[in-house]
Amino acid sequence: MLNLVELAVLATAGYRGTQLLVHDSILDPVRDRIEGWFQKKPESKARELVVTLISCVYCTGWWVSGAVLATYLLAAGRWHDAPLLIHGLEWLAVAGAAVAINRWDDSLKGH
């Protein structure tokens, strides 16, 4: 199971990765292309799902946190140290802490 330092580092990484994908201007061209792709066929549920995924900090944050956690566990050789259920709980913890950081950051900006 993750210790508090690992949780804090992984949550911070999850938060930052989410901000990169959802808000940072460096990816504006990619998001604009995806939005244009959606506008060509707005009735498509699959296209709507993709747009929702890349524009929602909670949706994106969930998957980014999972990727960050899985990468850490695999790189550290700790994937097999605990049952999958424990890793699922760790995923919830990392994603929850990352979104808490996002909420705190938003409160500083007056959102």
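Contact, in these notes, means heavy atoms within 4.5 Å.

**Ground rules.** I'm working on a predicted model, where local features need pLDDT of at least 70, side-chain atom pairs count only at pLDDT 80 or more, and totals for chains, interfaces and linings use all residues. Residues are numbered from 1 along each chain as its sequence is written, and side-chain values use heavy atoms, with hydrogens and water left out.

**Val64.** I looked up its partners, skipping residues up to four places away in sequence: Val64 touches Gly14, Gly17, Thr18 and Leu21. Val64 also turned up in the largest nonpolar core, together with Leu2, Leu10, Val68, Leu69, Leu73 and Val94, 7 residues in all. For the record, such a core is a set of buried Ala, Val, Leu, Ile, Met, Phe, Trp, Tyr and Cys residues joined through side-chain atoms within 4.5 Å. Buried is under 20% relative accessible area, exposed is over 50%, and partly exposed is in between (1.4 Å probe, protein chains only). Helix α4, residues 57-75, gives the most to this core, with 4 residues.

**Whole chain.** I get 5 helices and 0 strands, running α-α-α-α-α from the N terminus on. Both kinds of element are DSSP runs numbered from the N terminus: helices are H or I with at least four residues, strands E with at least two. The C-alpha trace spans about 45 × 30 × 20 Å along its principal axes. Of the 111 residues, 32% are buried. I also checked contacts between residues at least 6 apart in sequence, and 61% of them join residues at least 24 apart.

**α2 against α3.** Helix α2 covers residues 28-40 and helix α3 residues 45-55; their axes come within 9 Å and cross at roughly 155°. That makes α2 roughly antiparallel to α3. My cut-offs: under 35 degrees is roughly parallel, over 145 roughly antiparallel, 65 to 115 roughly perpendicular, and the rest oblique. The axes are lines fitted to C-alpha atoms, for helices over the stretch in contact, with angles from 0 to 180 degrees between N-to-C directions. On the α2 side I noted Arg31, Ile34, Glu35, Trp37, Phe38 and Lys40, which meet Arg47, Glu48, Val50, Val51 and Ile54 in α3. These residues divide into 6 nonpolar, no polar and 5 charged. The classes: Ala, Val, Leu, Ile, Met, Phe, Trp, Tyr, Cys and Pro are nonpolar, Asp, Glu, Lys and Arg charged, and the others, Gly among them, polar.

**Ile34.** I zoomed in on this α2 residue. Leaving aside neighbours within four places in sequence, Ile34 is in contact with Val50, Val51 and Ile54. The C-alpha atoms of Ile34 and Val51 are separated by 6.9 Å, with the two 17 residues apart along the chain.

**α3 against α4.** Here the axes come within 5 Å and cross at roughly 80°, which makes α3 roughly perpendicular to α4. The contact is made by Thr52, Leu53, Ile54 and Ser55 of α3 and Val57, Cys59, Thr60 and Trp63 of α4. By class I have 5 nonpolar, 3 polar and no charged residues.

**Two accessibility checks.** Leu92 lies in helix α5, residues 84-109, and is partly exposed at a relative accessible area of 48%. I put its C-alpha atom 18 Å from that of Gln19, 73 residues apart along the chain. Ala75, in helix α4, is exposed, with a relative accessible area of 71%. The C-alpha atoms of Ala75 and Ser25, 50 residues apart along the chain, are separated by 30 Å.
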